[in-house]
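Subject: Structure for your review

Dear colleague,

I am passing on the structure below, and my notes on it follow directly after.

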Amino acid sequence: MFIIFISHLPQSWWANWIPARFGFSDATEIFVFCSGMASAIAFGKIFDQSGMLMGTARIGHRMWQVYWAHICQFLVIAAGLAALMNSGYLERCCGLKEDYVQALNLRYFFNDPVGNLPGLLSLTYVPNYFDILPMYVALLAMVPVMMFIAAKSRIAFFAAMIGMWVAATLHLVSFPAEPWSNRQWFFNPFAWQLVFFTGFAFMKGWIPAPPVDRRLVWLAVALVLVSIPFTNFRIYEAVPGFQALREASRPLWIKTDLGILRYVHFLALAYIAYVAVGPNGVRLHAEGRITGPVVAVLRKVGQQSLPVFLASLPIAQATAILRDMAGGRGDWLIQAISNIAGLAAIAAVAYIAAWFKSQPWRKVPKPAPAPLPAKPPVAAPSGRTAVPAYGPPARPSRTPGALPQGA
């Protein structure tokens, strides 16, 4: 979530240091893989225990939530940018002539909102900045089908994964992204399901955990290091040979159809992380480690991924505009402040969302009933024991071996 925010912050210098600049895969693979794992935890058990109908209903409910989250996110950002640009305030106060609407390729939408609104609602109009959630909706829609296939044959499940990826790579299946052009969704879900269902299958136990082997570790490290010259612009632009080889190998690392090098690179990174944190993440959870507070924040943000992602895009746009108003696009200090402030904001969103989800209003303790007032003992006739106001009569005291009076 933090890396996705930095990559969505326009003209951010920090984007030159995200994982995408040092390897074929990036935060998208991490997001999709973890989404597949989370879906196996949240929905897989429902299919196993309650059957296909209830499992499909649960998936449909989640798709409904994500779909409207996507629509609302688009409208909030588009309306905010339109109001800001129409007011002319940025030019009057700061001399800014940047067209933030066009920067997100939304000018076509505003030029013909009546014609483009059906495309927005039918997901046939998906601007690049807003392309992750539609892909997630499509991936969720595949879960019931893949669960049905897996119930018949696990081999068929993996064959379907590979078959859809091959079809997408050959440009046989895709979704349109713009009514006025032949551009397709930036993330082809028929290709990206390969990463999603890999995470899903790992969490379901259909793929065993890989062994911790020194040879595999060095192989994974080598794959990551070899990819750097082909993905870091400072290197491939300075070395003509790398630039030519990079262009020749484009089908192998293209993002839209999940080139195979992206998939292999991500698995290598995931394996390195898996080995690094130790069994069950023991190296992250050990008491007294300095990473403890950092991991706690990262975990909280990851647990609230949908509200965090929904907030991160508007926060990124607002942060970029405030930075430009301060004249800090070329200033390293203001760049740092804008990135840190944005990361702190999405972390705050995660904690606020978690607080609301915990429904604290249901946990308010009820006041304890007031105790009954104490009453003095009732006076007794001479020679008898006083009887308390409540409870049974007190027994007369006696010493060992003595008989009660009058026996």
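Asn 105 counts as partly exposed because its relative accessibility is 26%, where buried means under 20% relative accessible area, exposed over 50% and partly exposed in between, computed with a 1.4 Å probe and protein chains only. Asn 105 sits in the loop between helix H4 (100–103) and helix H5 (107–111), and its phi is near 60°, a positive value in a residue other than glycine. Most residues other than glycine have a negative phi. Asn 280 also has a positive phi, near 55°; Asn 280 lies in the loop between H14 and helix H15 (282–285) and counts as exposed, at 79% relative accessibility.

This is a predicted model, in which local features need pLDDT of at least 70 and side-chain atom pairs count only at pLDDT 80 or more, while totals for chains, interfaces and linings use all residues. Residues are numbered from 1 along each chain as its sequence is written, and side-chain values use heavy atoms, with hydrogens and water left out.

As for the overall picture, the protein has 18 helices and zero strands, these being DSSP runs numbered from the N terminus (helices H or I, at least four residues; strands E, at least two). Of the 407 residues in the protein, 37% are buried, and the accessible surface comes to about 23100 Å², with 68% of it belonging to carbon and sulfur atoms; accessible areas come from the Shrake-Rupley method with a 1.4 Å probe, and for residues only the protein chains shown count as cover. Among contacts (heavy atoms within 4.5 Å) between residues at least 6 apart in sequence, 70% join residues at least 24 apart.

Leaving aside neighbours within four places in sequence, Phe 157 is in contact with Met 146, Ile 149, Ala 150, Phe 197, Ala 201 and Trp 206.

Ser 312 counts as buried because its relative accessibility is 2%, and its side chain reaches the backbone oxygen of Phe 309 at 2.9 Å. Beyond neighbours within four places in sequence, Ser 312 is in contact with Phe 5 and Ile 346. Gln 317 is likewise buried, with a relative accessible area of 5%, and its side chain is joined to that of Tyr 129 by a polar contact of 3.2 Å, that is, a pair of N or O atoms within 3.5 Å, where within protein one must be able to donate a hydrogen and the other to accept it, and residues adjacent in sequence count only if both atoms are side-chain atoms. Not counting residues up to four places away in sequence, Gln 317 touches His 8, Pro 10, Ile 77, Leu 81, Leu 104 and Tyr 129.

Best regards
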